[in-house]
Amino acid sequence: MSFLGDAVRATGSAGSGRVELVEALEQANLPSLVPVLHQLTGEDRWLREPYRPTRSRGMDDNDSGGFAPEVAAEIRAAVADAVEQYEAGRPPAVPAPTGERLRELLELANGEPTPIEYADMLAEDMGFVPAPARTAPPTDVTAVIIGAGVSGVLAAIRLAEAGIEHVVLEKNDDVGGGWYENTYPGAGVDTPSHLYSYSFFPRNWSTHFGKRDEVQQYLRDIADGHGLRERIEFGTEVVEALHDEESGSWTTRTADGREFVSRILISATGALNRPRVPPIPGFDTFAGRIFHTAQWPDDVDLTGKRVAVVGAGASAMQVVPAVAATVGRLTVLQRSPQWIAPNDVYFAPIDRAVHLLMDRVPFYRRWYRARLSWNFNDRVHPSLQVDPGWEHPQRSVNAVNDAHRRVFTRYIESELEGRPDLVAKSVPDYPPFGKRMLLDNGWYRTLRRENVELVTESVAEITPTGLRGDDGTEVDADVIILATGFHTHRYLWPIEVRGRDGVRLADVWGDQDARAHLGITVPGFPNLFLTCGPGTVLGHGGSFITIAECQVRYITDLVVTMAEKGLRTVEVWPEVEDDYTRRHDEAHARMLWTHPGMTNWYRNADGRVVSTMPWRIVDYWRMTHEADLADYRVVPGS
Ligand code: NAP
């Protein structure tokens with residue numbers, strides 16, 4: 001078992017400086033240190049008062065843990081002693097807590113009750129029990145993976161570990177997927193980077209919320225570290241995939257006319273990959289430059305220009321503050337406002353001292369990540385359930401959601417103090433979390449700038465000189481930036497996918513009604529597995545990489561079973577998928593995202609939530625932990 005945080009012992013630089021360690025501990029996240037102390041020393045006193053931290057407020061890291069200064073000093077000194085003893089060769093007293101013991105430690109670190117199911121999930125994530133990893137016997141089961149983004153890279157790593165021969169077909173010239181393509185100014189994650197990392201590939205991130213170049217470098221590093229490039233065909237766009245029932249194989253055709261035949265086809269094309277350019281009249285008449293955020297031109301210079309940004313979602317949130325100081329005049333066209341939360345460390349770099357702790361203090365990195373996982377993943381999920389008796393059903397869905405509304409509204413009012421005009425335009429009238437929550441990248445401060453104007457209109461028309469809002473406001477612009485989102489309901493589009501009997505996936509799903517068992521597998525499409533499929537985007541928070549790890553583990557498990565049992569095809573039973581979709585839709589019917597007060601990209605024009613997951617992450621982890629062959633019609637034979 002490899003421990004994140006054992007680097008010092010591994011590199012032999014142990015004991016190289018108590019002073020350095022003591023200094024670094026001043027910057028430690030104390031709630032993450034207390035379970036470390038228990039693990040290193042085995043002493044139960046660290047589980048009791050006065051060493052129990054307070055809970056985090058909101059998404060706050062709660063570095064101080066609410067400890068009195070003398071208690072904080074005692075914890076730090078005890079960690080310095082314990083680390084020195086560890087480096088001198090004393091093994092950790094509790095090296096791999098699981099079950100109830102781990103639950104107790106999680107509860108300690110989180111500062112609040114933590115159900116046992118999280119211990120099961122995190123025992124794997126933290127490396128306290130090995131994640132299931134099976135190896136296939138020699139087999140003719142081979143795979144094609146479409147896409148080398150977050151999920152495709154992971155699938156290639158896991159299939160290689162399982163001994164399944166495969167090739168990755170990637171339309172771009174490098175790995176990264178959405179991170180490769182989205183080069184707009186300000187692009188970055190809004191999930192903390194220590195959580196938006198693979199559980200088995202940590203990094204000392206330079207900031208709490210990594211910017212695009214660092215995320216892209218991280219994905220390059222993992223690809224290089226696992227020798228993936230030789231199995232990736234770059235510059236290879238898939239246009240068609242056809243299933244042949246007799247051989248039980250898929251033929252995947254590429255834009256350059258090549259064919260790849262494999263038994264398994266894994267789609268890792270992402271849900272936010274195909275830019276959506278709205279059909280606004282007059283598009284071709286504009287005399288200046290117009291482009292989508294995800295297709296940012298290398299040669300565009302916005303200095304001193306009049307720029308109009310259409311949209312106010314996650315991409316606009318990042319690009320608008322990033323370009324405001326450069327442009328001459330900036331007009332933001334906001335059809336509807338989004339709820340925006342502050343985050344104390346959103347802009348903060350991560351000090352070298354923290355990197356030292358991550359590398360040198362055993363288990364610290366894992367506890368820090370486990371706390372992020374608690375704060376950013378499922379914690380908010382219960383508050384997104386509709387309370388049928390709630391007396392203000394327009395503005396919120398229950399009392400906690402209403403309290404969130406008050407907190408976020410106060411934040412808007414404080415950021416826009418003295419600008420009641422902007423406050424009126426910025427407070428949404430629908431419940432918080434109804435659209436994807438955004439983290440404030442300086443949005444409100446940017447709106448206050450002299451050279452920035454917020455127009456609360458949809459775009460009616462693009463004109464030769466700019467655009468016109470649907471209330472008639474004319475906006476002159478040299479450059480129009482479309483921050484208008486992605487085709488989120490057309491999974492795998494525009495690839496032509498045909499399953500058994502030549503049935504088109506696009507016909508089964510239509511334009512906007514994709515469904516799949518676990519978001520992974522579709523009746524009529526044997527041996528086809530999706531990552532980031534329907535109903536698996538996280539609307540309530542958390543890291544998609546966690547979901548990708550669940551999906552790839554499930555798919556690998558099933559593929560290894562096929563190899564072991566000599567199965568030609570596996571195809572999910574229609575009734576299994578029906579039952580899953582029924583439960584999925586029923587769960588959504590009780591949740592916030594069906595609220596009529598807003599539009600969002602989670603649901604389709606008929607009101608069915610297609611994109612997001614109604615479950616807690618821990619539920620999905622359990623559902624996908626291993627594949628149940630009884631869910632599948634299997635055809636034997638190679
Ligand atoms: P989005 O959330 O779908 O936002 C699109 C924006 O364009 C909305 O404000 C929408 O208005 C507006 N719009 C669309 N068509 C329009 C029209 N015809 N006229 C006027 N306005 C129009 O797209 P996004 O900002 O690219 O984000 C998509 C998703 O990508 C995010 O939710 C997130 O999951 C991911 N993302 C993440 C990050 C990050 O991690 N930091 C960054 C970027 C994107 P309405 O709201 O009124 O529909």
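Pro494 is placed in the loop between strand E17 (479–482) and strand E18 (496–498), where helices (H or I, at least four residues) and strands (E, at least two) are DSSP runs, numbered from the N terminus. The peptide bond that leads from Trp493 to Pro494 is cis, with omega near 5°. This is a predicted model, in which local features need pLDDT of at least 70 and side-chain atom pairs count only at pLDDT 80 or more, while totals for chains, interfaces and linings use all residues. Residues are numbered from 1 along each chain as its sequence is written, and side-chain values use heavy atoms, with hydrogens and water left out.

Another cis peptide bond, with omega about 10°, joins Glu49 and Pro50, and Pro50 lies in the loop between helix H3 (30–41) and helix H4 (69–87). Phe433, in the loop between helix H14 (420–426) and strand E12 (438–439), has a positive phi, near 80°. Most residues other than glycine have a negative phi, and most peptide bonds are trans.

## Surroundings of the ligand

The ligand has 26 residues around it, and Ala312, Ser315, Ser336, Lys435 and Arg436 come nearest; a residue counts as near if one of its heavy atoms lies within 4 Å. By class, this shell has eleven nonpolar, ten polar and five charged residues, where Ala, Val, Leu, Ile, Met, Phe, Trp, Tyr, Cys and Pro count as nonpolar, Asp, Glu, Lys and Arg as charged, and the others, Gly among them, as polar. Helix H10 (residues 314–323) gives the most to the shell, with three residues.

Polar contacts here are pairs of N or O atoms within 3.5 Å. An oxygen atom of the ligand is 2.7 Å from an N or O atom in the side chain of Lys435, and a backbone N or O atom of Ala312 lies 2.8 Å from an oxygen atom of the ligand.

## The second largest pocket

A pocket is an open set of points on a 1 Å grid over the protein atoms alone, where a 1.4 Å probe fits, with protein on both sides within 12 Å along at least five of seven lines; its lining residues have an atom within 4 Å of a point. The second largest pocket is lined by 38 residues, with Glu124, Pro130, Ala131, Arg158 and Ser199 nearest its centre. Helix H17 (544–565) is one of the elements that give two or more residues to this lining, and H17 supplies the largest share, eight residues. By class, the lining has 18 nonpolar, nine polar and eleven charged residues.

Conventions. A polar contact is a pair of N or O atoms within 3.5 Å; within protein, one must be able to donate a hydrogen and the other to accept it, and residues adjacent in sequence count only if both atoms are side-chain atoms.
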